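Here's a quick tour of a protein model, starting with its metals and ending with its pockets. Keep the 3D view open while you read.

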Amino acid sequence: MLLGAHMSISGGVHTAFERGKLVGCTTMQVFSKNNNQWKGKPLTDPDIINYKNEAKKTNIKPVVVHSSYLINLCAKDKSTLEKSHESFLDELNRCRLLGIPYFVFHPGSHVGQGEQTGLEIIAESLNMLHERTKGYRVKSVVEVTAGQGSNLGYRFEQIRKLIDMVENKKRMGVCIDTCHLFAAGYDISNDKGYEKTFEEFDKIIGLKRLMVIHLNDSKGILGSRLDRHEHIGKGNIGDIGFSLLMNDKRLNGIPKILETPKGNDMKEDVINLNRLRRYVQN
Ligand code: ZN
Ligand code: MN
Ligand code: MN
C-alpha cells in the first residue's frame, strides 16, 4: 500500500527519506526547495547522489513534489506571472534531476479576471512550460482545490476544461485532496455521496488521470470552501469517508499522502497513518 505524509526537507531534500522511514511511509511528498522562495539554490551533484542513495536505502517511492505556494499560473500581474513560470520551470527541472514522477500544483487564482479567462491563462502557461521541457517524464499534476477566494479547480468541470486546453495531455495528471473535495461540496463522508463523487470524477475527468491523493480531514463543513486540514477521523469527513476511500479498489496503487498538522517529533503522522491502516479490511 502506498501510504505516507508530507515530509520536511530541512537539512536537504535527501533528509526527508529518513524522516519518512521513521513514521512508516512507503511513499511521501516534499517541497523541492524552500516553499516561500521563487527559486531555490541549484541542486549540486552531491545533493542528487545523496537523494538517490537515500531513496534506494529506504525504498520510499514514488516521491511526489508539491509546488511552492507562490506560484500562480494565471496571475494578473505580468511580473508575478513571469516569476511563476520561471519558478514552475525550476521545479520541473528539480523533479527531473531527482527522478521524481509527479509535480503537484494548484491551478491558480483568477484574481478577478473571471473563471474562463483564468483557466485559459493557466492552459497557456502549461503549454509554454511543457514546450520548454520537452521529453521530461515528470507529470504536471493539478490539485482539486477547496475554492477559497478566487482559487480555480474546485469543480471537476473546471479541471476538465483545463485539461482540454492543454496540448500535451500525456503530461497531465490530477490530485484529489479529501479536505478540498469536502469543502468544495463533494460529500465523501457517507456511502452515497462518496460513490456519487467518484462516479462524477470518472465521468468528467477519468479515473486514469488520478495520480495522487491527499488525505486530510476537514475543519470546515461541507461546501464551506474553507481549506483547513484536520487530523484523520477528527473532522467533518470522519471515519466512514476515510474507511470507504482506504477500501476502494479503484484507488489501489495511487500514492495516498497526509498533509495534516504536526510537530517536530511527527507523532501525529504515526497516529494518522495507523488510523488509516486500521480502516483497511482484508
Ligand atoms: Zn496542495
Ligand atoms: Mn493538498
Ligand atoms: Mn489544502
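Predicted model: local features only at pLDDT ≥ 70, side-chain atom pairs only at ≥ 80, totals over all residues.

- A donor here is an N, O or S atom within 2.8 Å of the metal (3.2 Å for Na, K and Ca); water is not among the atoms, so sites may look incomplete.
- His 106 lies in the loop between strand E4 (102–105) and helix H4 (115–131), and Glu 143 is in strand E5 (residues 139–143), 37 residues apart.
- Those helices (H or I, at least four residues) and strands (E, at least two) are DSSP runs, numbered from the N terminus.
- His 106 is partly exposed, at 25% relative accessibility, whereas Glu 143 is buried at 0%.
- Buried means under 20% relative accessible area, exposed over 50% and partly exposed in between (1.4 Å probe, protein chains only).

**Manganese site**
- The manganese ion (ligand 2) has Glu 143 (OE), Asp 177 (OD), His 214 (ND1) and Glu 259 (OE) as protein donors, 2.1 to 2.3 Å away.
- His 214 belongs to strand E7 (residues 210–215) and Glu 259 to the loop between strand E10 (256–258) and helix H9 (267–279), so this pair ties together parts 45 residues apart in sequence.
- Both count as buried: His 214 has a relative accessible area of 0%, and Glu 259 comes in at 15%.
- Glu 143 coordinates both metals, which are 3.3 Å apart.

**Pockets**
- A pocket is an open set of points on a 1 Å grid over the protein atoms alone, where a 1.4 Å probe fits, with protein on both sides within 12 Å along at least five of seven lines; lining residues have an atom within 4 Å of a point.
- Of the 15 residues lining the largest pocket, the closest to its centre are Ile 9, Gly 12, Lys 33, Lys 41 and Arg 94.
- Helix H2 (residues 45–58) gives the most to the second largest pocket's lining, with four residues.

Methods. Residues numbered from 1 in each chain as written. Chains lettered and ligands numbered in written order. Heavy atoms only, no water.
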